[in-house]
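Visitor: Please take a close look at the place where the ligand sits, and then at some of the residues elsewhere in the chain. I would like one connected account.

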Amino acid sequence: MTDASQKFFSGKIVREESPLNLEMPFSTLDDFLTPTESFYVRTHFPIPKIDRDAWWLRVEGEVEKPFAINYEELIGLPSVAVPVTLECAGNSRNFLEPKVKGVQWRLGAVGTVEWTGVPLSALLHRAAVKASGCEVILEGSDCGMLDEPKSPPGESTFARSIPLSKARTDVLLAYKMNGVDLPPQHGFPLRAVVPGWYAMASVKWLQRVVVTDRPFNGYYQTIDYAYWRRRGEIAERTPLTELLVKAQIARPAEGETVPTTSSVRVHGAAWTSGGEITKVELSTDGGASWNETKLIDNPVPSAWRRWEFQWRTPSQPGKQILIARATDSQGRTQPVQHDPDRGTYMINHILPIEVEVR
Ligand SMILES: Nc1nc2c(c(=O)[nH]1)N[C@H]1C(S)=C(S)[C@@H](COP(=O)(O)O)O[C@H]1N2
Ligand SMILES: [Mo]
């Protein structure tokens, strides 16, 4: 909801000041790549101040040759640069009814950046993972106390795990964002980028990579950032992982006024994981009828595709509900309602945007 009392910080909506949570106004979506200044910021603790000359990344656990690597050596390793879309698992939470606890994101806890870094597989190879290796824990150096009753007492760090197979496939340890050193709020000096997964997996301010011989059950993948998966009558706590298919409308934005009997460009972006976006449809009548939109970007694995549609607006003034709906190459599309087993995460049901025709 746009609100005149809304606070802004360098062009982003302030959702929380401490810890710092900033949202991109999604109506400013323009290019395929999101400018770094516009990219949303999600933190749980104060942003750690890290001196890169005193910083080390340790690689340990179920490995034959544990080691530590410093910044200079790391950036000297062969690197890759790839565009990857990151979406916070709680993006669009403010659309849930009734209202729920958590950062009240609308559409802007998502963005696409070109990340430069070293494939995690290269470091795992150097450490020589033992046959017992099962998962890889990524640990950040930010820490603090949580005021949740179910959190571990005292201070704890932000940590998350990925299966060894995923770690060896496409996970990047990134030190640049759009060609420039990571800013402090985005994980300086080094962060993980886990393509195709909700962004809680892309651990910032990395200090340790730990190979484990069993599934990790940390706070951020059991109590938080998890959902209920059903096995018949039994509900099982399951970590959030892959992004669900979703389309969002950038313009017109919620509450925007458009002229009657005219041609208005409706545009936005859509993303998925484990496939590519093959279709984005738009309804301009609250879901009664659907039009196929034009996909703008070429498909790139793990990045969004922008889309657009020329809308002939009605001759009669009044409110209109716009809804976008994406379909991917696996035939998956967006549900009409949010599944309560997902709690306040994985919000990919179709989202109504009300505009005024005048
Ligand atoms: N160390 C650390 N990593 C973290 C977080 C954090 O609080 N601490 N937040 C996670 C969450 S929930 C999201 S959505 C992304 C946000 O990345 P960004 O701030 O660069 O947009 O970082 C993830 N990595
Ligand atoms: Mo997030």
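Guide: What follows begins with the ligand and its surroundings and then turns to single residues.

This is a predicted model, in which local features need pLDDT of at least 70 and side-chain atom pairs count only at pLDDT 80 or more, while totals for chains, interfaces and linings use all residues. Residues are numbered from 1 along each chain as its sequence is written, chains are lettered from A and ligands numbered from 1 in the order in which they are written, and side-chain values use heavy atoms, with hydrogens and water left out.

Around ligand 1 there are 19 residues, and those that come nearest are Tyr40, His44, Asp142, Arg191 and Lys204; a residue is counted as near if one of its heavy atoms lies within 4 Å of the molecule. By class, this shell consists of 10 nonpolar, five polar and four charged residues, where Ala, Val, Leu, Ile, Met, Phe, Trp, Tyr, Cys and Pro count as nonpolar, Asp, Glu, Lys and Arg as charged, and the others, Gly among them, as polar.

Tyr40 places a backbone N or O atom 2.6 Å from an oxygen atom of ligand 1, whereas His44 contributes an N or O atom of its side chain, at 2.7 Å from a ligand oxygen. For His186, too, an N or O atom in the side chain is 2.7 Å from an oxygen atom of ligand 1. On its own, ligand 1 has 530 Å² of accessible area, and the protein covers 100% of it; such areas come from the Shrake-Rupley method with a 1.4 Å probe, and for residues only the protein chains shown count as cover.

The space that ligand 1 takes is the largest cavity. A cavity is, on a 1 Å grid over the protein atoms alone, a set of points where a 1.4 Å probe fits but cannot get out, and a molecule sits in one if more than half of its atoms lie within 2 Å of its grid points. Two or more residues of the shell around ligand 1 come from strand S4 (41-42) and from strand S9 (135-144); helices (H or I, at least four residues) and strands (E, at least two) are DSSP runs, numbered from the N terminus.

Gln221 counts as buried because its relative accessible area is 3%, the classes being buried under 20%, exposed over 50% and partly exposed in between (1.4 Å probe, protein chains only). The side chain of Gln221 makes a polar contact of 2.7 Å with that of Ser161; a polar contact is a pair of N or O atoms within 3.5 Å, and within protein one must be able to donate a hydrogen and the other to accept it, while residues adjacent in sequence count only if both atoms are side-chain atoms.

Lys166, which is found in helix H3 (residues 164-169), is also classed as buried because its relative accessible area is 15%. Between Lys166 and Glu135 there are 8.9 Å in space, C-alpha to C-alpha, and 31 residues in sequence.

The peptide bond from Phe188 to Pro189 is cis, with omega near 5°, and Pro189 is part of the loop between strand S12 (180-181) and strand S13 (191-193). Another cis peptide bond runs from Arg251 to Pro252, with omega near -5°, and Pro252 lies in the loop between strand S17 (246-251) and strand S18 (257-258). Ser10, a residue other than glycine, has a positive phi near 40° and lies in the loop between strand S1 (8-9) and strand S2 (12-16). Ser92 is not a glycine either, yet its phi is positive at about 75°; this serine lies in the loop between strand S7 (80-87) and strand S8 (110-119) and is buried, because its relative accessibility is 0%.

Ser263, in strand S19 (residues 263-271), is partly exposed because its relative accessible area is 42%, and its C-alpha atom is 50 Å from that of Ser121, 142 residues apart in sequence. Gln337, in the loop between strand S24 (318-328) and strand S25 (353-357), is exposed, with a relative accessible area of 64%.

Key: On a 1 Å grid over the protein atoms alone, a cavity is a set of points where a 1.4 Å probe fits but cannot get out, and a pocket is an open set with protein on both sides within 12 Å along at least five of seven lines; lining residues have an atom within 4 Å of a point.
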